[in-house]
Amino acid sequence: MKQFLSAHDVPDIKALVARALAHKSVPGANKHLGVGKRIGLLFLNPSMRTRLSTQVAAQNLGMEAIVFNIGSEGWALEFEDGAIMNGTTVEHVKDAAPIMGRYFDILAIRTFPALKNREEDYSERYIQQFVKWAGIPVISLESATLHPLQSLTDVITITEAMQAPNYKPQNTNLKPKIVLTWAPHVKALPQCVANSFAQWINAWGEADFVITHPEGYNLDERFTKGATITYNQDEALESADFVYVKNWSSYHQYGQILSQDASWMLTLDKLENTNSAKIMHCLPVRRNLELSDEVLDSAHSIVTEEAANRVWAAQAVLEQILKAGA
Ligand code: CP
């Protein structure tokens, strides 16, 4: 693997999941692979899980990880080609990225969308400029439209839950039913996690996949094609084995909040018609807005295990990139 920006960079998702679970069983098995190698973790936006889990993963492989909160501590970067830099930006990405390419062996970047201009956000201009100018492998720590380390983690977590002795699928002859449900939120959030989850579950190909949301929240078909889409949450939840809860702002009325309908919050009574579904969320979660306390604090919730698995996802990805010669 030469880069990790989306599911398309992964030749075999099941094999990568297996590597992640192998790392979870024996975290230090490959502790010399990254000795003498350095990863730069650039954050234009806040993070807890992504930042810490990638640092731990790098350390498990013997790598040195250097975090740079470039968004708050670095020079303001210019991304426009040919820009006359007489405004607030101080350094062009085509000057900054090659220098980082000399300091590090792998570069990892988090950059959120502005949610103002859909074409600009969906062109992934920021992360693609680093890919173009850094000259070393680039890993997405969440970009304008996707969050691949989160989605790999989600597939790992589902795989692991299905391997548990107490897992009883809705029907042993069927694939697990996985439901992605929209939840209310007070802020306009990116579509990244939902896009990415849909892309990975479709690419994985091991699920009966349903997406449910209010009208106006349809995601980009490039990611959702293959899933069943319904505006009826109760119908979607029927017999579900896994329910992934996430808010996103509108894709078609770009970046807008069209609904704050509290009836979309997942509560314990809504789980009665599921197959005792496991509940997932990428975190951070707004309690009693997106998900009720009673669900998050119940045995249905696997959000802590899911977040813990971020380490093994990052470790599996770093391992593949190191083995490819980073
Ligand atoms: N899920 C996730 O990416 O968490 P952080 O924003 O804390 O990294």
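Strand S1 (residues 38-43) is joined to S2 by 5 bridges, and the two run parallel. Helices (H or I, at least four residues) and strands (E, at least two) are DSSP runs, numbered from the N terminus; two strands pair if DSSP finds at least two bridges between them. The model is a predicted one, in which local features need pLDDT of at least 70 and side-chain atom pairs count only at pLDDT 80 or more, while totals for chains, interfaces and linings use all residues. Residues are numbered from 1 along each chain as its sequence is written, and side-chain values use heavy atoms, with hydrogens and water left out.

Gly 40 has Ile 66 in S2 as its bridge partner. The open sheet concerned has 4 strands with parallel pairing, in the order S2-S1-S5-S6. Its edge strands, each pairing on one side only, are S2 (64-68) and S6. From one strand to the next the twist averages 20 degrees, with axes taken as lines fitted to C-alpha atoms (for helices over the stretch in contact) and angles running from 0 to 180 degrees between N-to-C directions.

Strand S6 (residues 138-140) contains Ser 140. This residue is buried, with a relative accessible area of 0% (buried means under 20%, exposed over 50%, partly exposed in between; 1.4 Å probe, protein chains only). Leaving aside residues up to four places away in sequence, Ser 140 touches Phe 4, Leu 5, Ile 109, Ile 127, Leu 146, Pro 148 and Leu 149, contact meaning heavy atoms within 4.5 Å. The Ser 140 side chain also reaches the backbone nitrogen of Glu 142 at 3.0 Å.

A second open sheet, of 5 strands with parallel pairing, has the order S9-S8-S7-S10-S11. Strands S9 (228-230) and S11 (278-280) form its edges, each pairing on one side only. S8 (residues 208-212) runs parallel to S9 and is joined to it by 3 bridges; Val 210 stands opposite Thr 228 in S9. Helix H7 (residues 148-163) packs on this sheet, touching S7 (177-182), S10 (242-246) and S11, and its direction makes about 155 degrees with that of S10.

The residues around the ligand (a heavy atom within 4 Å) include Ser 47, Arg 110, His 147, Gln 150, Cys 282 and Arg 310. Oxygen atoms of the ligand lie 2.7 Å from a polar side-chain atom of Ser 47, 2.8 Å from an N or O atom in the His 147 side chain and 3.3 Å from a polar side-chain atom of Arg 310. The protein covers 92% of the 260 Å² of accessible area that the ligand has on its own (Shrake-Rupley method, 1.4 Å probe).

Definitions and conventions. A polar contact is a pair of N or O atoms within 3.5 Å; within protein, one must be able to donate a hydrogen and the other to accept it, and residues adjacent in sequence count only if both atoms are side-chain atoms.
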